[in-house]
Amino acid sequence: MRMRMRWSAVFALAGATAVGGCSAASNTSGSGGDGASSGQGASGAGTGQGGGFIGVGGSGSGGAETCAADTFEGVLVPLDIYVMLDKSSSMQDSSKWTNVTTALDTFFSDAGSAGIGVGLKFFPVAPSVPPPTTCDPNNDMCGDYGPCIPIANICTGGFAGDSCTPADYASPVLPIAELPGASGALASALMSESPNGASTPTGKAMAGARLYATQWAADHPTHLTYILFATDGEPTGCSGDAAAEAAMAAAATPSVKTFVIGVGTELTFLNAVAQAGGTGQAYLVDTANTTQQFLDALAALRGNSDCKYQIPEPTGSPDYGLVNVTLVDPNDPSNTTTIPKVSGPSTCGNNPGWYYDDEANPSYIELCPASCELVKSGQLDVKVEIGCETIVR
């Protein structure tokens, strides 16, 4: 089981005899700031020191009836990354290849990456099946290498000699495997490769990444799966639409988001790929301090699994309306406060709270930023109680 925990978390799963609607157990004796005192509802919010506990606002039950529960140690949702790395010849310029592979190797071996799953593929690659040597514009047989150029009767994507077939990019050099165990093989793969590609088939490489990553995510639905797409140039050679591929990956079930890193200064076209892939915008890394900037981007990607907790699987069908999240003073475990559920990240505001990744079909619980920061700092621990009516803001 992947731990990768910088803080502890405890999950409580109610037994079959639990009565829905009873109050979640909570002792909120701390009263600093605007935090709600014992016996208050879930409407309070605020932070303040009281009785050695960081008051987070309204949730106490004041010693009300406690639901029966089974307790589970909690873990962060596992993070898996499929790296699609550009090895076109332009990556030789300004030591980009050396700097990027150094950053990746450092990230793979870093203790903070332990527990992350990583797979690796380079692009471009040689075609598994050579493209047609000639074609007819009236009866285009180019397939992934099209369209057919009139008069010359040559497939557009056949010039460079690189593959335009998505399936060639869906077969990884290394399949996703967990760090740190996979770090040695990843380091060897990076060392043995060189930037010798003749083209930059961005769309086809992204299509292959989507094929692999979405299948992986379907086989591992309790994980967070990301595509890391790193390139240094505009698309050349094969036709294809990387943004459309990223959008299809993001719309898959489970969703696979695409995190984009561009190495260079004129790669704003990659923002469309990142936006379609659900990560906002690309990280653009210049060639002045490439290694550190690339590491900073990787750290941002790693942070996407912060404060996301797995939901234990109960016997029978879970009732997601009977879940509560409680923050616990690690120095006094009896000193707790239950934070309210909100409808989503946009309703968190500056107040403590939590929400499901998907209200209709939850896969994990995520803390709002105000709660997340307290937990990441080590000031509070977390437990989840299943079986009592959810307290909502």
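Is Glu 366 buried or exposed, and at what relative accessibility? In this predicted model, where local features need pLDDT of at least 70, side-chain atom pairs count only at pLDDT 80 or more, and totals for chains, interfaces and linings use all residues, Glu 366 counts as buried at 15% relative accessibility, buried being under 20% relative accessible area, exposed over 50% and partly exposed in between, with a 1.4 Å probe and protein chains only. Residues are numbered from 1 along each chain as its sequence is written, and side-chain values use heavy atoms, with hydrogens and water left out.

**Salt bridges**

- The structure holds 10 salt bridges, each a side-chain nitrogen of Lys or Arg within 4 Å of a carboxyl oxygen of Asp or Glu.
- Glu 366 pairs with Lys 308 at 3.2 Å, N to O, and this bridge links strand S17 (residues 364-367) to strand S13 (residues 308-310), with the partners 58 residues apart; strands are DSSP runs of E with at least two residues, helices runs of H or I with at least four, numbered from the N terminus.
- Lys 308 is also buried, at 8% relative accessible area.
- In the bridge between Lys 341 and Glu 359 (2.7 Å, N to O), Lys 341 is buried at 12%, whereas Glu 359 is partly exposed at 41%.

**Nonpolar core**

- The largest nonpolar core has 35 residues, a core being a set of buried Ala, Val, Leu, Ile, Met, Phe, Trp, Tyr and Cys residues joined through side-chain atoms within 4.5 Å.
- Helix H1 (96-109) is among the contributing elements and gives the most, with 6 residues.
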